[in-house]
Amino acid sequence: MPLEDHYGDILQKARAGSGLSAADVARRTGITIQRLQELEGGAPHPPSNVLQQLAGLYQLQPDRLQAIADQQWAPRPVAPITEGPGGLVRQVIGSLAGYAVNSYLLCDPSTGEAAAIDTANAPDAVEAEAKAAGYRLTTILLTHAHPDHIGGVDRLQAASGARLVAHPLDQPDLEPLWTPGRDLSATESAALTVGRLTLHVRWVAGHTHSGACYVGEGMVFVGDCLFAGSVGRARSPAAYRGLLASIKRQLFMLPDSTIVFPGHGPATTVGEEQEHNPFFD
């Protein structure tokens with residue numbers, strides 16, 4: 001699976017997060033607005049001196065950015081069906097307007113129960129995957145309320161009878177599905193059970209006001225806050241700063257071997273992101 005973001009996406013996100021317009025960057029660097037737009041569009045073979053200049057302006061790590069631009073780095077592959085002490089993870093890839101989205105099933109082989117993490121706008125595929133593997137879907141964990149992540153959640157909930165778990169700020173977007181007493185708020189540090197498995201909630205806001213991440217044994221489901229080699233698009237420069245700080249505080253404190261399952265693109269690990277993600281030093 002290719003990276004979610006090419007080097008140009010990274011430049012655009014970092015520029016916006018720095019509060020700089022294309023005209024601001026042109027004035028500071030001498031790079032024309034047209035050339036900047038070409039670079040942000042992922043133009044092939046960007047000159048290394050230009051990338052170094054922009055990385056310095058945006059506070060990105062230039063060598064890491066260059067490695068992504070040269071397609072010299074990608075995380076070590078994680079199998080679509082991953083089994084470990086924290087349970088078995090199956091991946092379902094859906095789409096919205098042709099844009100690929102990840103959903104995951106976290107399964108407890110000892111009880112036959114499973115949780116879906118987001119819907120990938122593909123509720124029927126998620127339900128079918130659970131049934132085909134012999135698991136009963138009991139919980140739907142939502143990372144945030146963007147349409148590609150909750151699309152069809154009404155159908156998935158109706159088909160399975162599963163409880164919903166969502167950040168308190170996202171619950172109004174789930175009306176009239178939300179049922180107090182059945183559904184659960186993903187309050188920070190809360191412990192959730194899927195069969196005999198336990199997940200803990202950590203909040204990583206910035207891409208949205210919410211941003212619920214679910215931490216299990218040896219794994220974390222992060223939605224759109226962190227990607228392999230990149231981060232989610234922040235709402236504002238203040239949100240961007242908060243996003244980076246929250247990733248460091250909430251996710252990078254996990255063991256290096258922790259598998260990171262993002263909402264788009266390939267899985268990665270905490271250690272790989274600390275070593276290769278250009279947004280962090």
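## Cavities: what counts

A cavity is a set of points, on a 1 Å grid over the protein atoms alone, where a 1.4 Å probe fits but cannot get out, and its lining residues have an atom within 4 Å of a point. Grid points are joined across faces, edges and corners, and a volume is the space filled by probe spheres set on the points.

What you're looking at is a predicted model, where local features need pLDDT of at least 70 and side-chain atom pairs count only at pLDDT 80 or more, while totals for chains, interfaces and linings use all residues. Residues are numbered from 1 along each chain as its sequence is written, and side-chain values use heavy atoms, with hydrogens and water left out.

## The two cavities

How many cavities of 30 Å³ or more are there? The count is two. The largest cavity holds about 50 Å³ of space. Its lining includes Thr143, His144, Val204 and His207, along with Cys213 and Asp224. Sorted by type, that lining has five nonpolar residues, five polar and one charged. Here Ala, Val, Leu, Ile, Met, Phe, Trp, Tyr, Cys and Pro count as nonpolar, Asp, Glu, Lys and Arg as charged, and the others, Gly among them, as polar.

The second largest cavity comes in at about 40 Å³. Around the second largest cavity you'll find, among others, Asn102, Tyr104, Asp118, Phe221 and Pro262. Strands β3 (99-108), β11 (219-223) and β14 (259-262) each give two or more residues to this lining, and β11 has the largest share, with three.

Is helix α1 (residues 7-17) mostly covered or uncovered? Mostly covered: nine of its 11 residues are buried, meaning under 20% relative accessible area with a 1.4 Å probe, protein chains only. Among them are Tyr7, Ile10, Leu11 and Lys13. Just after α1, Gly19 takes a positive phi of about 75°.

Now for α1's meeting with helix α4 (residues 48-58). Their axes come within 10 Å and cross at roughly 30°; these axes are lines fitted to C-alpha atoms over the stretch in contact, with angles running from 0 to 180 degrees between N-to-C directions. Tyr7, Leu11, Ala14 and Arg15 of α1 meet Leu51, Leu54 and Tyr58 of α4, where contact means heavy atoms within 4.5 Å. The residues of this contact are six nonpolar, no polar and one charged.

Methods
On a 1 Å grid over the protein atoms alone, a cavity is a set of points where a 1.4 Å probe fits but cannot get out, and a pocket is an open set with protein on both sides within 12 Å along at least five of seven lines; lining residues have an atom within 4 Å of a point. Helices (H or I, at least four residues) and strands (E, at least two) are DSSP runs, numbered from the N terminus. Buried means under 20% relative accessible area, exposed over 50%, partly exposed in between (1.4 Å probe, protein chains only).
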